[in-house]
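Work through the salt-bridge exercises below. Try each task before you read its solution.

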Amino acid sequence: MKPLRLTMKAFGPYAGEESLDFANLKGRNFFLIHGPTGAGKTSILDAICFALFGDSSGEERKSKQMRSDHAEQSLSTEVTFEFMLGQDRYRVTRSPEQERAARRGNATVTTKGQATLWKLNKDLSNPIVLASKATDVTEKIEQLLGFKSNQFRQVVLLPQGKFRQLIMASSSERQAILEALFKTEIYRRIEEALKEKASGVGDQIKEKKSRQALILEQAGSVCLEEVEEKRQTAILQVEQVRLKIAECKDREVIAQRHLAEARESMQKLSEVEEATKVFSQLSQDKELFSQKESELAQARRAQSLAASETVLKQRAEEFEQAKMKLSQAEESVAGLEEMNQETGKLLAIETGKQAERDVAAKELSFLTELGGKVKELESARQKCSLAEKRYKQIESERQVSQKRLADNQAALDELQRQVIEHEVNSAKVEALKLGLKNLETAYTDRQRIEQLNSEFVDRRKDADESGACLSSLTGRLAQARGELGELEDSFVGHQAAVLSAKLISGEACLVCGSVEHPKPARISGELPTESALKAKRDEIKQLESVSSDLLSDNQKQLAAIAKLEAERDSLISRLGEVGAIDLKELAKRVQEAKELHLAAAKSESQLAERQNKLVMVKSVLEQEKHKLDTADAQLQEAKSDYEQTRAIAAEREAQIPSDLQDLQLVEQAKRKSQQLLEALKESFQKAQDGARSASELFIAAKTALEKSKEARALTDQRLQTQKQEFVAALNEAGFNSLQDFKLARRSNEEIAFLDKEISKYQADMAAVEDRLQRAKKAAHGLDPPDIARFESNFHVAKEQTELVVREEASLSERLKQIQIWLNELTKVLKEIEDLESRFGVVGRLADVASGKNAFGVTFQRFVLGALLDDVLIASSQRLRIMSKGRYQLQRMTTRADKRMGGGLDLEVYDTYTGTSRPVATLSGGESFIASLSMALGLADVVQSYSGGVYLETIFVDEGFGSLDPESLDLALRALIDLQQGGRLVGIISHVPELKERIDARLEVIPGRAGSSARFVVA
């Protein structure tokens, strides 16, 4: 990543819009960001971090706190950053959540944070939007750069007070950085794939063994062979039972045949008995069905007269309806005649009201004309009211303007007094600031002295304890050495006795060759063994190693104590008389000085504000005076208009009756007059319509009465004729009277039912006679059999067969299940064998790749360790130069904590002592040059591997003040050398020498209304 342009709006100390074009460096790749404390140097790095990731370089300030206190309310906080990645150019714009002025009124509204990322063309036209939401932009930036915000602050931007993070990072943190930079996710995925594969095979083995145990448990066996034995036994049992089944089935067939023959004989005898019984029952109903046949014949004769009876009923109904209509017509004629007389009288009355209708029409015409005059009066009154309202409003505004004029004059007097007061206080700021700085430095030194005293006591205690342990260990070591000497002497002295024990009388001695052994040596006491000698030597070796370590630790502790004493004495000497003041009293003085300085600084910052406000109040005061003069002229004009409109309204009131000067009352009277006239007209029209309608209805009713009389005479004649015809038909059908006809009459359904019932009886009688004859013929010569005995024999034979069949089914099912268990066991054992063979390879690979080895190094960490070695080689080349050949960085070969993964922990090799020690033991200045070397070496190696990550820029915020002049010179030379590779290096520092030695600077200039920045190139 290489910066091109940074634009800040209302950001941090930059109140307006500040644009920094890095092209103004004119090809310089090494520049200094310079300016006084608090001017806004670190805010430039904050702006870059905020634009890319949405947070600050040091993470102390949140995005909501980045708005400038000097900015105008209308200007929104925003940062735009253009940068290059390889050959591609990008622009990112981001704004935090902030308060802005509302579009209406004096209120404010909160706007959410926004961000947009573009990819730019070479001619900067038609940029492509890559992301347009804050979270999406951050995610896309992380993909492009190759690392997250915290990794960016450890590799590209070394924040103030946090430059040690890169070398002090834990092994896991360093792994995340290297993985992001070198894109080694594939090796981690290989680890996970192997682990997942091994886990899957292991789970399959467990599953198969669980299945094996379950099958054996179900089979009630402990092994495959035992299951096979059970299968052979079951086969033999099934064959034996099947022979028994054949014998039982033969006996069952014979018994079933005898039972069927007995049942057939019994059925023939029963059929004779049943047919006889049915024939007897049907014979008893013969007389009843003869009566039903006679009833059916009469019903059919009566049915032939049904049509004639229906016609007679219709004629009777027609006669009754004609009588009823005649009666209704007579009643209607009587009623309509009375109504015709009443409507005639009503018409005569309404014709006499013509005078009333004429008076109502004249009254309506008068009220219609009066309405126009009342509207003119209402208009005059409205104009008068508006003129009066305007007059009173202008008078009220004039009074308000007079009050505002007085208030602004009072505010002007107060502001003039405050400006004088702030001018006096502002003159004290620099003196108070210097005094506060001296007191804060003294307070910090006193705190450091207290801390050093506490550390001195602890270090002295540790040194005394380690000295006592060393003394005790030295005594134990001397004692062990003496015991070893005694064991060695005893061992050598007893060797002669060991040899003499092997002498045989008459045989030559192995030492001197003599065959006589007059006085052989004898073993006295316990003989030392070689294992005892080895154990004692190992004990001495271990004691010597522990003693050496304790001696080294004790020397380091004494050196640290001397360093603490030197620092404490230096601070006491620098404090002088202030050192005698109590720490609490000194803190109180610092607080008082802070309050005084803050008050003075506040007065200084408020001075310009009060002066600007004074100018504004004067301007407002002039405006209020002008408004008051304008209000006086408008008031006089409004008063004249009011008096003129009031005179016109009084003139028009005199022309209209007092009770009708309201338009609403006139309209109300007009509506009443119109309603009266319409009611009179409507009554006259209704009387005319009623008389005409009644006359027409009376004439129609008289005509209907004559027609009804003719219809009654005709229907009466038809009824009498039909009665004569029906009596003649009854006599012809054989009925003596109408009563006999009604008794014989049946419905169609009843006739059909009788006919069906009789037919069925006749058919049943014929069938039962035939059945009885055939049954007697079939049962001729048969005797009743003993059914119970035959059934008992059959059931016994059948039960024996079913019992043996169930036994065979049970044994067959048992054999089938044993065969299933046997097949499944064979299959599972083969699968377990195959899986265990695979697990022997995959499981071992997964263990090694996941770090289950002597070094605790995973596959990915092994690869990252090799890459880190390249980084450390490049870093150590610069570190040796900056440290004058003393230090070089290297990886630790052992794990400090066995519970954690290893392979990426760092240590520093000190050529002065020839020992390696943790990087945490480096001093502040040494840590700075080590971190700087590490960042530069990391950039070199990442660029050489070309993994898609571009480390073309590095920013360093402070840290140079902790270096001595020679180390500073070496560090600068290392940074200047980076220009040859085209890398951009920006540093922030207060060291005066840097401003003289670096010819390209980004100057940050503070001001009362905010800071500004510009590039200065010599």
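This is a predicted model: local features need pLDDT of at least 70, side-chain atom pairs count only at pLDDT 80 or more; totals for chains, interfaces and linings use all residues.

Residues are numbered from 1 along each chain as its sequence is written, and side-chain values use heavy atoms, with hydrogens and water left out.

**Exercise 1.** State how many salt bridges the rule gives.

Solution. Start with the rule: a side-chain nitrogen of Lys or Arg lies within 4 Å of a carboxyl oxygen of Asp or Glu. Then apply it: the count is 22 salt bridges.

**Exercise 2.** Find the salt-bridge partner of E78, and say what the pair ties together.

Solution. The partner is K9, with the closest N and O atoms 3.8 Å apart. E78 is in strand 4 (residues 78–85) and K9 in strand 1 (residues 2–11), so the pair joins parts 69 residues apart in sequence. Strands here are DSSP runs (E, at least two residues), numbered from the N terminus. Last, check accessibility. E78 is partly exposed at 26% relative accessibility. K9 is partly exposed too, at 24%. Partly exposed falls between buried (under 20% relative accessible area) and exposed (over 50%), using a 1.4 Å probe and protein chains only.

**Exercise 3.** Are R91 and E82 buried or exposed?

Solution. First, the contact: their side chains form a salt bridge, 3.0 Å from N to O. Then the setting: both R91 and E82 are buried. Finally, the network: salt bridges link E82, R89 and R91.

**Exercise 4.** Describe the pair D786 and R789.

Solution. Their side chains meet in a salt bridge at 3.9 Å, N to O. D786 is partly exposed, at 43% relative accessibility. R789 is partly exposed, at 45%.

Key:
Helices (H or I, at least four residues) and strands (E, at least two) are DSSP runs, numbered from the N terminus.
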